[in-house]
Amino acid sequence: MYNNKLGFLSDTLATVQNDAMKDTVGDTFKSGRLVLKGGCVIDPANQVEEVRDIAIQDGVITESGVDLPVEKGDRVIDCEGLLVCPGLIDMHLHLGDLFEVTTNPIFCAAEDGVTMGLSPGAGNTFMAPSLLGAEVDHGVPINLGVYLGAANVLGSCLNVEELIAMFQGKLPAEVLSEKMTRNAITMTTAALTVGIKDHMGHFIMSDENIEKIYEITSKAGLLYMSHTQDPEHAERLVGLSKGRPIHLAHATAAGCGSHMGPEEGMERVLNLINGDNVTGEFVTTMLREGKGSREGLQMTAGSQKLAYDALEAGKVKILISDGQNQATMKGFGDTRDNIPAIIELAQQGVLTLSQAVATMTCNPAELFAKRTGNPWWKEKVGHLAPGALANVTIIDKADKLATYTIVNGEIASFENRAVRRNVGSGGWISRFGMVRRTGVGELVMFSYKK
């Protein structure tokens, strides 16, 4: 009745041939690459902004160039008309802290194009790396890291010198078990962190204790992040820094008028940022013309203009979400505003498109490389050159959404929906780099001992 114009897809799909199952898919994926074809690659670290292809294999970018040949077994993603960017690094994203009881916010972050989320929980203790590390072992779709809470870091019997040695992996177990914890898991994993955060909104520390945190972070190679909402507190922290590094978190919060006039607050915080030892970040939600999510604080037009000027001048080079609206700890923004803010800043002429993409890719990677003294951050994340980890955010500029989120070479999200078969694509991030598993989540199942 009908002429068959389609035929079988027997080279692409699993099927039955000659009374037997044919595993075409499995055989192909074992040998093939993932090729991103024909997208506009925006790679600020390497000054690339052109249509080209990217090849990925075994979780790493292997090749980048114009019209790469496709080989048998390759999986090809048609990226024509899309922006192909380094995977978004959200270096201040509350995930799994305080009373969080679900990993759903982590999946939402992946759907919004985030490939790395660093979580600064106010209550994070030395147990946080093991607790959130276990989530990685159970399967999360993004690379995940954590900051410890400053007040909790000082809550044990360890002195400053011992804490520095602990974060460097140089303190004997006998000392840790006597002065820090009787929990072997916590003792083993406590140093797997990216930094320490002072949460003025939850804990007001003495000058003496702030001095201790400065000593620990500056000597152990950890990023010191401060809760920047009250400009007077920010001024106090910077005054105590004595030239040591401090990062002013969600600096746009000072422009929302919660502690003083929004324009005055914004100006006072911006006057502290020098790009050397004092750096800062802005919340994507607060920068949007429509003010983004209405769940948190909002800037005025005047304080927002001051923030735009600071971005344009290069005084502030990093954007973050601070939260995820599915989470218990929401912060001041939402990952849903990350990509729209990047696109809109370019459309408004505040930044070029490449500069806007850099705020959540190579710029945070460069800051961590500088603060930790670890070149891994610049070599492996934040860019799309061969050798980098295959973390890629592919954006539809028209709808301002992540069409694909690729994490360590696996498609974690497609068309704003998590891909469930790749829920374990994420890894664990510390200042030393990344491991794919911490072992905590598998400890009760088996041992690797011979």
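Modeller: Rings of Phe, Tyr and Trp, the last taken by its six-membered ring, count as a pair if their centres lie within 6.5 Å. Keep in mind that the model is predicted. With that rule, a search of the whole structure gives five aromatic pairs. In one of them, the ring centres of Tyr214 and Tyr224 are 4.9 Å apart and the planes stand at 75°, so this pair is edge-to-face; the cut-off for that name is an angle over 60 degrees. Tyr214 belongs to helix α8, while Tyr224 belongs to strand β12 (residues 223–227), and the two are 10 residues apart in the chain. Are these two residues buried or exposed? Tyr214 has a relative accessible area of 0% and is therefore buried. Tyr224, at 2%, is buried as well, because the limit for that label is under 20%.

Two packed helices are described by the angle between their axes and the distance between the axes. Helix α8 (residues 207–220) packs with helix α9 (residues 231–241) at an angle of about 60°, and the axes are 10 Å apart. The two helices are therefore oblique to each other, and α8 passes α9 in a right-handed crossing. On the α8 side the contact is made by Asp207, Ile210, Glu211 and Tyr214, and on the α9 side by Arg236, Leu237, Val238, Leu240 and Ser241. Sorted by class, this contact has five nonpolar, one polar and three charged residues. The spacing of such residues has a background: an α-helix has 3.6 residues a turn, so residues three or four places apart point the same way.

Now back to the rings, for a pair with another geometry. Which residues form a stacked pair? The rings of Phe368 and Trp377 do so: their centres are 4.6 Å apart and their planes are at 20°. Phe368 has a relative accessible area of 0% and is buried, and Trp377 is also buried, at 0%. Together with Trp376, these residues form one aromatic cluster. Phe368 is among the buried residues of helix α15. This helix (residues 362–372) is mostly covered, with nine of its 11 residues buried. Other buried members include Cys362, Pro364, Leu367 and Arg371. After α15 comes Gly373, whose phi is positive and near 70°.

Conventions: Residues are numbered from 1 along each chain as its sequence is written. This is a predicted model: local features need pLDDT of at least 70, side-chain atom pairs count only at pLDDT 80 or more; totals for chains, interfaces and linings use all residues. Side-chain values use heavy atoms; hydrogens and water are left out. Axes are lines fitted to C-alpha atoms, for helices over the stretch in contact, and angles run from 0 to 180 degrees between N-to-C directions. Helices (H or I, at least four residues) and strands (E, at least two) are DSSP runs, numbered from the N terminus. Angles under 35 degrees count as roughly parallel, over 145 as roughly antiparallel, 65 to 115 as roughly perpendicular and the rest as oblique. A crossing is left-handed if the near helix is turned anticlockwise from the far one by less than a right angle, and right-handed if clockwise. Contact means heavy atoms within 4.5 Å. Ala, Val, Leu, Ile, Met, Phe, Trp, Tyr, Cys and Pro count as nonpolar, Asp, Glu, Lys and Arg as charged, and the others, Gly among them, as polar. Rings of Phe, Tyr and Trp (its six-membered ring) pair if their centres lie within 6.5 Å; planes under 30 degrees apart count as stacked, over 60 as edge-to-face and the rest as tilted. Buried means under 20% relative accessible area, exposed over 50%, partly exposed in between (1.4 Å probe, protein chains only).
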